[in-house]
Amino acid sequence: MHSKPWLASLLGAFMLGIAGSVLAATPLKFWTFLTVDSPDPRSAALKSVIEGFNKSQTEYEVQIQSINYGRIDNQVIQATAAGEGPDIINVYSDLLPMHIAAKTIVPVDAYASRMSAAEQSDFVMPLKLFQEGGKQMAVPWETRVWLLWYRKDLLAAAKLQPPKTLEELGEVAGKLTTPQVMGFAMGASTGNLGAGAYETFIPLLWAAGGDLTDAQGKATFNSEAGVKVLSYLHDLETKYQGMRSTVVSMTADDMVSSFKAGTAAMVIGGSYRVAAARVGLPADALVTASIPGWTAAKPSPARVAGQTLAIGASSKHPEGAWKFIQYYLSAPSQIAFAKAGVMPVRLSVYKDPFFQTPQGEETQRWAAYARESGRLTRTPTDFAKLSEGLARAIQEVLLKNADPKKALDAAAAEYNAQHKE
Amino acid sequence: MRSARRLVVGNALAGVGALAVIAIALLPVAWGLSTSLKPASQILSFPPKWLPDPPTLASYVQVWEQSNLPIYFRNSVIVTLAALVVALAVSVHAAYAMARFRFRGRNFVLVALLATSMIPGIAILVPLYDLSVHAKLYDSFAGLVIVYAAWNVPILVWLLRGFFESVPIELEEAARIDGCSRLRAFYKIVLPMSQPGLLAAAIMVIMFVWNDFLIAFALTISENRRLLSVGLYTYISNYGVEWGQLTAATMIALVPVVAVFFLLQRRLVEGLMAGALKG
Amino acid sequence: MSLAITVTEAPPVATPRRPRRSWLPLAFIAPATALVIAVSIYPVFDAVLLSLHATRYAQKLQFVGLDNYLALLKDHTVWDDALTAVVYTVGSLALVIPYALAVALLLNRPMRFRGVVRTLAILPWVFSQTVTALLWGWLLNPEFGPVTYVAQQVTGGPAALLASPTGAMAALVGVNVWSSYPMAALLFLAALQTIPADLYEAMRMDGAGKVSLFRYITVPMITPTLVVILIQLTLLYFNMVTLIYVLTGGGPVGSTQTLALRVLKMSFENWDLGRGAALGLVLTFVNLALSLFYVRALRSPHR
């Protein structure tokens, strides 16, 4: 009958609905350990990158989910196995082999090959390092290097010079230690995959000539070099009296908190945390330097790693995921992160005027340390087990005065026994 | 004379004892509350200061406005209420059947229910995760509600059965003589008379779901489906715990259960103690 | 999630009026049974299957029979964790029973504000294991916690409880006792309140002292309740995961890692799903054994 008017409006609403759903941006789930709302300068940078991407186009909308770095990998595995994994995943370079084995990410060759040859070689860490079986599994977006952090104010108050060798480090730590303050601290807990422990252990291990594993994947951290390092850490506690056994319950986070609160004067910390650690500290309090070596001749090798981006295995929009990754790697995004204390991964970015500022110069110093003495850690797929076992061995020695050789041998044997590849 | 002094000493000791017990019970909350009301600069101080000076709600504002805690809170409210409804609905019927109907296998079902509550949750967490994935209920409220209800059914059935049995059978029979069907007698007579039992049951479910960690941890992954306990656990920034915010978030999470507890604690204690005696 | 309740005799049932169809009972219990079967019973079979296969991350691979179980038996860290579980359980029981009984005795005394005291004394029951662990963790914080501060003043040296293996276990047991005494205290209180006052009067007239009163009246009357509490708490402690996970994470050096926590880590952190399922089933078996032990104890002529 006279149904035409409401039929027309119904049709109109229907078409609007369709148009709306077509015009509405497709959501892309992005999982990373960074947050967008913490006082950490990187949060602000990340926020600007995500908002910038969302504004720059209307097809996709990136929605971020922040998960603590100690748990993000397990969550990714759990979710992807349930078919609910994210579209873009932030994967830490040390854990890339694990993600590949757990089938949480898919190769990005189809997209990476679209980059020009110049673009493909414009990386501080070559793209080849992130390939597996000839396929590009992830692309790096930042570089990081581990450094010696020291509280200039605390050292100056005690009229001490920053150490140039590990032995000097022990002595300086000993002189700085009081019942409230530790001269040197490390995050030796097994929490968060034992990350705190190996971040301190590995540069010293390399400096002593050893390595975590051999080419076949068998643990070799119980070599003479490993024993030398663990004995040194024990000496820090007993001989130099510069560190206390309470470090076994500190995670890397606790170690940084302690440094900020002034209850630890020196730590080995990552370049990526410097900006956040400086928040709330007096200017100049946190000074970074190369990690001292066993002799004054050269510093310990720089442990280099990086965060990468990969496309999730359960993603239904790999095209959109790649678009976001490209935006993340673009020069403006890299500069935004650089101003937040992150070392860019694209070589061309280092020509930006920002790198002439004092903060930029510090970043250049780090990049130089990385380029001159930098090494990537060769990590097996079950790296979490290795790092936990190593942390435990360190705890046994620091806490129970176990023999370093025996502790390391036990940890290596345990790891090798269950290591399948 | 001697007994009078003994009485006074006894009372004094009891008073001291009571104060000690209360102090111990309240210590963590007191310290958490104090921390949550401190300005940021006073939180990481050593020796620790007991009182904030001056107290401020800044941490609470930060938590409520800048973090996802409101989402976790909302999720917990939704899931708790839904699980409560489902668990009670299912359990009152089963409990009534156990109390009043005689049917073959009744004792077997009772014992079987009891037996299932002996299965440690941790042992079936992974299978539950698998099940939820296959049933397409992973990362959903429905999945959580189903599991929470199911886990509470055994104890609710046992608890409510006791209450239903204590309702005098004559009342029901009188109603049925008046023409009431069995079903209606149940809804109109037995249920209203079992309010204390229903209340105790409700409180148990609310506490269980609101405070749960493992199920929520295994069956949900996205922020929009995260519940409070998991939310609190993940409330750790990458750069050290922000204790002011964490304690504020904890206080916020405590408000509903503490409120429920204080309002209904007498009923709850009566219900529990009665249930304990009846077994 | 485990619970044990005393079995009583079947109560009187309404005289059956010979219902036309006996579908009503079925309809009444069907939803409950369906839920429990789906969520509690079927997953057990699933766990059994999982435990008999090799796994890699979230994928089930080939059938391996009892290999996972054998691997668990040979793994000395699993035995360490079992010992830790026993220490944790027995240690907690040894402290919680006296404390809960003391609180119950206190609450049984007539006193002013008894209601308030009772309410506040039971308050820890309201706190989830997560909240308990977070708040106590902050109290015990090695750098800023008041408990650490007091301990330092008392012992004169650095006293970071959570940093040492024995200290962490002691702290964990303490927090556990704090968290679980309310329920036990309430049950004790219920039992105490059923003891007729004249019993005490009669014995007091005969010149019995406080200790004798306690030994010959109180203890026998609360023994059945004590057994109930023991079994409830034993199962609770043995299967406890969240409190330990959030407070110590099993550390330091794995000194607070119990079997139950190990199951969680094996499954959700190491992705050893097959072995995790096997260990979980072992745990279930131990639970059943303990419960049977309890039923035997309850049926004893001592009652």
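**View 1. Seven meets six: 7 residues of domain 1 of chain B are in contact with 6 residues of domain 2 of chain B.** The model shown is predicted. On the domain 1 side, two elements of chain B each give two or more residues to this contact: α1 (2-36) and α2 (40-43). α1(B) gives the most, with 4 residues. By type, the domain 1 side holds 3 nonpolar, 3 polar and 1 charged residue.

**View 2. Chain B is divided into two domains.** Domain 1 covers residues 2-43 and domain 2 covers residues 66-278. How far apart do the C-alpha centres of the two domains lie? The distance between these centres is 32 Å.

**View 3. Chain C touches chain B.** Here 77 residues of chain C are in contact with 86 residues of chain B. Which helix supplies the largest share of the chain C side? Helix α1 (residues 23-51) of chain C does, with 18 residues. The chain C side divides into 55 nonpolar, 19 polar and 3 charged residues.

**View 4. Helix α5 (residues 106-116) of chain B packs with α1(C).** The angle between the two helices is about 35°. Their axes are 11 Å apart. The crossing of α5(B) past α1(C) is left-handed.

**View 5. Residues of α5(B) meet residues of α1(C).** From α5(B) come V109(B), L113(B) and T116(B). From α1(C) come I29(C), T33(C), V36(C), S40(C) and I41(C). How do the residues of this contact divide by type? There are 5 nonpolar, 3 polar and no charged residues.

Technical notes. Residues are numbered from 1 along each chain as its sequence is written. Chains are lettered from A and ligands numbered from 1 in the order in which they are written. This is a predicted model: local features need pLDDT of at least 70, side-chain atom pairs count only at pLDDT 80 or more; totals for chains, interfaces and linings use all residues. Domain bounds come from an automatic or database domain assignment. Two residues are in contact if their C-beta atoms, placed from the backbone, lie within 7 Å. Ala, Val, Leu, Ile, Met, Phe, Trp, Tyr, Cys and Pro count as nonpolar, Asp, Glu, Lys and Arg as charged, and the others, Gly among them, as polar. Axes are lines fitted to C-alpha atoms, for helices over the stretch in contact, and angles run from 0 to 180 degrees between N-to-C directions. A crossing is left-handed if the near helix is turned anticlockwise from the far one by less than a right angle, and right-handed if clockwise.
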